[in-house]
Amino acid sequence: LLSGGRYSSAFHLATSGYRHPSSSLSSYLESLQSSPANGMNNFVPSAEPLQEVVNNNNNNIYHAPLEYFSFDNLESKGPRATCDWGTPQDWSRKLAEDGIFRSGAWYCTPGGWPSPNGKAVTEVFYMLEGHGCLSDADGMRHYFGPGDMVTIPKGHTGRWDVNSPILKVWAVNAHSNVEERSSPIRVKVDHYNTFVSSQSSSSSDPLYRSTVDIGSSSNILYDVGSTKVGYWSCSNTGSFPVSYGTRQWFHVLKGVLFVTTSGGTSRRCIAGDTVMLPAGWSGFIDVVEPTEKVFCAAAA
């Protein structure tokens, strides 16, 4: 739906500043055997009304269908002053925040810039469109594209390169201290084809503690300190209770589910939807169709 569509056509980009992908990027692209099965090619907009909510209540569900992040709904942040190639400009829109956790979407045109200052938060994002590269302080490059999950730990330094216009949905965890112990701190990129094939079933669900009534599978992609990132799927339909849910963000790749809080708030979530749930929420998850999603959970 997005590739070559409304976002790419929203700009008339000058090609004089465009850097052709390196041979390493070409190798990365060739290594992807198929497009992510995220349901985006058959995307049907959610019927839920668009709402922008920013508060902290464990009965709230912060829900955004994909059109919430359409280009016309994004706010321009202007050009990147520190770029060293291209003419990168970015646009964004926030979904919600609770003082520690926040989420939204970001769009950026081609260009590159250094990031010499340590990142103030841990950021996780899922790529909807475009290709880019994040480099660590020692120059190691991490290429990413549609269907990839990317984690930038707090304290990371290096650089950004946007090779083709990027659209991502993101979550950030503003935990107090740098929790990575590696030097230099490294970005982690997980490709859709890899994390789907490596999932496993467990009696202890990373998001909901127990889904014994219908079962679930997951693949933890990053688990450092207070931040946990992963892929979650449920091939069965049915309902299970959540007694004390973790603070979480997720993006639905496939299927249909309902999230209902104990206060009676309910949202229908389909492919393309982004959801943020507060710490301590309780209620029910109803899986209507087999579902896949990527997530980030932050410890209270």
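These legends describe close-up views of a predicted model.

**View 1. K119 sits in a loop between two strands.** The loop joins strand 6 (111-115) to strand 7 (122-135). K119 is partly exposed, with a relative accessible area of 23%. That value is not under 20%, so K119 does not count as buried.

**View 2. K119 meets residues from another part of the chain.** Neighbours within four places in sequence are left aside here. The contacts of K119 are then I152, P153, K154, G155 and H156. P153 is 34 residues away from K119 along the chain. Even so, the C-alpha atoms of K119 and P153 are separated by 7.4 Å.

**View 3. H63 is a buried residue in strand 1.** Strand 1 covers residues 62-64. The relative accessible area of H63 is 5%. Buried means under 20%, so H63 falls in that class.

**View 4. The side chain of H63 has polar partners.** The side chain of D273 makes a polar contact with the side chain of H63, at 2.9 Å. R268 takes part through its backbone. The backbone oxygen of R268 lies 3.4 Å from a polar atom of the H63 side chain.

**View 5. The largest nonpolar core has 33 residues.** Six residues have the most contacts inside this core: F69, L95, Y126, M149, F195 and W249. A second, separate core has 20 residues. Among them are I214, C269, L277 and A297. In soluble globular proteins, nonpolar side chains tend to be buried together.

Technical notes. Residues numbered from 1 in each chain as written. Predicted model: local features only at pLDDT ≥ 70, side-chain atom pairs only at ≥ 80, totals over all residues. Heavy atoms only, no water. Helix = DSSP H or I, 4+ residues; strand = E, 2+ residues; numbered from the N terminus. Buried < 20%, exposed > 50% of the residue type's maximum accessible area, 1.4 Å probe, protein only. Contact = heavy atoms within 4.5 Å. Polar contact = N/O pair within 3.5 Å; in protein donor to acceptor, adjacent residues only side chain to side chain. Core = buried A, V, L, I, M, F, W, Y, C linked by side-chain atoms within 4.5 Å.
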